[in-house]
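Reader: I would like to go through this model with you, beginning with the local features and then turning to helix packing. Could we look at it together?

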Amino acid sequence: RDERNQSIIVSGESGAGKTVSAKYAMRYFATVSGSASEANVEEKVLASNPIMESIGNAKTTRNDNSSRFGKYIEIGFDKRYRIIGANMRTYLLEKSRVVFQAEEERNYHIFYQLCASAALPEFKTLRLGNANYFHYTKQGGSPVIDGVDDAKEMVNTRQACTLLGISDSYQMGIFRILAGILHLGNVEFASRDSDSCTIPPKHEPLTIFCDLMGVDYEEMAHWLCHRKLATATETYIKPISKLHAINARDALAKHIYANLFNWIVDHVNKALHATVKQHSFIGVLDIYGFETFEINSFEQFCINYANEKLQQQFNMHVFKLEQEEYMKEQIPWTLIDFYDNQPCINLIEAKMGILDLLDEECKMPKGSDDTWAQKLYNTHLNKCALFEKPRLSNKAFIIKHFADKVEYQCEGFLEKNKDTVYEEQIKVLKSSKFKLLPELFQDEEKVLSPTSATPSGRVPLARTAVKPAKARPGQASKEHKKTVGHQFRNSLHLLMETLNATTPHYVRCIKPNDFKFPFTFDEKRAVQQLRACGVLETIRISAAGFPSRWTYQEFFSRYRVLMKQRDVLSDRKQTCKNVLEKLILDKDKYQFGKTKIFFRAGQVAYLEKIRADKLRAACIRIQKTIRGWLMRKKYVRMRKAAITIQRYVRGYQARCYAKFLRRTRAAITIQKFQRMYVVRKRYQCMRAATIALQALLRGYMARNKYQMV
């Protein structure tokens, strides 16, 4: 109606139901719009859900199907509002989950689906087993989700892949890489001394990993235990300690998984790409909810930062802009106080903020989590009311978010922000005979050159899956050197620009309890969430405010149908006032601003109903007239056709009658002559006989008379 692109922003705490709500919204669009082609695009859009859930969702203590990445899907429509395609953008995949899970949590669903399907004939070559056998899937101690059959979910995932055009060979390639990651996690290292380590000869997990990945065993074993250091004059190889080797192994596993994730997202986008020009789109944002655990690290920090930005966007749209517009339009209004989280966002992303200090520490040759923590204390402690230091720790900090206070442990922040992986390990993988594996690293060919390596001999790989764009020459390397935090901040700014360019609609998911119990409602927790996300203030504004507004020209254009010709004046504002006074008797239901008309809740719906009724009556009248004209035209055509048929039938009948008369006349003539001939012949016979008798009789009488004389 408004001719604007729309966005549906689904938000709430972890486990509140955002992913399911987003799926319901997408299912609704797919159902009511239909497809513009025979390719069943709407089915493909829905098929992206099981794929993305299997590779991007996991069980946490708060949620059995928690999204560990952000997702914004633009569903494209043509001018007739039928689905023609879609495009997906993803944000900050939680890569650390691939190698570590807290107690009672799981790795990504796809790993458990693979293990549950290990007995299938096509999976025999993957040499999989029970999830408790692999280090990367057993750490949480909870490999099974109640009520979920991982083997059945694998069938759904494979069907969705097929529907999206991922062939069986590519699917097996994906499963092969995933199985390789699991076997890589079981690779063990033996210490030689404090600064070097080795892998046992013919180590079975590494042998299986190399077989699946199609790489040389000796090369991979060597570079898992060594690294190359480059100086200004020479390059030399240095052994690494067991701890560093384990970290390098985990970094490699995370990197492979992240690249595979991006590759799958790209292929899903290719399958959903619109073949015709897009007229408009509706975006559905399903992003991770606010999180607070016993131990909160870099991932929770980024997740909560994203939620702060979304809350700010909500505040801007609902509170700030709303109330500012009332003031601008000189509408009588009493300002409503609301929580403004801009100071918290400044603490995170402003100059000398937490992210700024983190990036600065990452550039330091001897930067560490401890020195970064001290910088945070020196910069923000006692200067920012939202920043606190725990009493019993020098390696943690507390931020007062809009939803709750969260304590973050500094350990691992720098490493996760750098997101480093050894260059030589990537080179080994790129030399693989298995064709899918080098495809995953195609984007890094320029980036992973010796000249782009960091002084430590490692290459920062801080990829955040954002909408792909054409890069200028030399831009890839520059982008690649950015930290995870920097890229995540940029991708969030792009997301905010997209949301602000559309008409936003908000779905607030409220979590009934913190224990995943069904039919259990914790009133205090619900009110806390409603207050934290601004719903209570929104209700107050909706009750007191004017949620709908039209410019005078827009109102005139929309509701011209309700006006009579004599109501239309040259002054649009006066015209609108005159019409509204007739349509809505209660003057408190609307207000006239300088350039717009403001309506209380429900009034636009009332006007739309009147408009729809008027249009319906007009449609009925038009239909009546057209149907009468069509029926008359049909009657005239049928009458003309009937007369023509009658003319031909009557002509035919007349010709038949004339023929009958001619034949009758001919028959009578024939009968007449026949009868005449018969009668004349009989008469002639009788005459001849009579004459003969007369002759005989007269002769006889004459002779008798003669004799008597």
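Author: Helices and strands here are DSSP runs, helices of at least four residues and strands of at least two, numbered from the N terminus. Please keep in mind that this is a predicted model.

Reader: Understood. Where does R97 lie?

Author: R97 is in the loop that runs between strand 5 (83-91) and helix 3 (109-116).

Reader: Is R97 buried or exposed?

Author: R97 counts as buried, because its relative accessibility is 4% and the cut-off for buried is under 20%.

Reader: Which residues does R97 touch?

Author: Leaving aside residues up to four places away in sequence, R97 touches A58, K59, T60, R68, E105, R106, N107 and Y108. With R106 there is a specific pair of atoms: a polar atom of the R97 side chain lies 2.9 Å from the backbone oxygen of R106.

Reader: On to helix packing. How do helix 1 and helix 2 cross?

Author: The axes of helix 1 (residues 18-33) and helix 2 (residues 41-56) come within 9 Å and cross at roughly 165 degrees. The two helices are therefore roughly antiparallel to each other, and helix 1 passes helix 2 in a left-handed crossing.

Reader: Which residues make that contact?

Author: Helix 1 contributes T19, K23, M26, R27 and A30, while helix 2 contributes E42, V45, L46, S48, N49 and E53. By class, the contact has four nonpolar, three polar and four charged residues.

Reader: And what about helix 6 and helix 9?

Author: The axes of helix 6 (residues 168-185) and helix 9 come within 9 Å, with a crossing angle of roughly 165 degrees. That makes helix 6 roughly antiparallel to helix 9. Their crossing is left-handed.

Reader: Which residues meet there?

Author: From helix 6, Y170, I174, I177, L178, I181, L184 and G185 meet R249, L252, A253, I256, Y257, L260, W263 and I264 of helix 9. The class count for this contact is 13 nonpolar, one polar and one charged.

Reader: Where is T275, and is T275 buried or exposed?

Author: T275 sits in the loop between helix 9 (242-272) and strand 10 (280-286). At 75% relative accessibility, T275 counts as exposed. T275 and L358 are 83 residues apart in sequence, and their C-alpha atoms are 43 Å apart in space.

Reader: L358 brings us to helix 12. How many residues of helix 12 are buried?

Author: Seven of the 10 residues of helix 12 (residues 354-363) are buried, so the helix is mostly covered. The buried residues are I354, L355, L357, L358, D359, E361 and C362.

Reader: Which residues other than glycine have a positive phi?

Author: R127 is one of them, with phi near 55 degrees. R127 is found in the loop between helix 3 and helix 4 (135-138) and, at 42% relative accessibility, counts as partly exposed. F519 also has a positive phi, of about 55 degrees, although it is not a glycine. F519 lies in the loop between strand 16 (503-509) and helix 19 (523-532), and at 89% relative accessibility F519 counts as exposed.

Reader: Lastly, K594. Where is K594 found, and what does K594 touch?

Author: K594 is in the loop between strand 18 (590-592) and strand 19 (596-599). Not counting residues up to four places away in sequence, K594 touches K328, E329, Q330, Y552 and K573. The C-alpha atoms of K594 and L347 are separated by 38 Å, and these residues are 247 residues apart along the chain.

How values were computed
Residues are numbered from 1 along each chain as its sequence is written. This is a predicted model: local features need pLDDT of at least 70, side-chain atom pairs count only at pLDDT 80 or more; totals for chains, interfaces and linings use all residues. Side-chain values use heavy atoms; hydrogens and water are left out. Buried means under 20% relative accessible area, exposed over 50%, partly exposed in between (1.4 Å probe, protein chains only). A polar contact is a pair of N or O atoms within 3.5 Å; within protein, one must be able to donate a hydrogen and the other to accept it, and residues adjacent in sequence count only if both atoms are side-chain atoms. Contact means heavy atoms within 4.5 Å. Axes are lines fitted to C-alpha atoms, for helices over the stretch in contact, and angles run from 0 to 180 degrees between N-to-C directions. Angles under 35 degrees count as roughly parallel, over 145 as roughly antiparallel, 65 to 115 as roughly perpendicular and the rest as oblique. A crossing is left-handed if the near helix is turned anticlockwise from the far one by less than a right angle, and right-handed if clockwise. Ala, Val, Leu, Ile, Met, Phe, Trp, Tyr, Cys and Pro count as nonpolar, Asp, Glu, Lys and Arg as charged, and the others, Gly among them, as polar.
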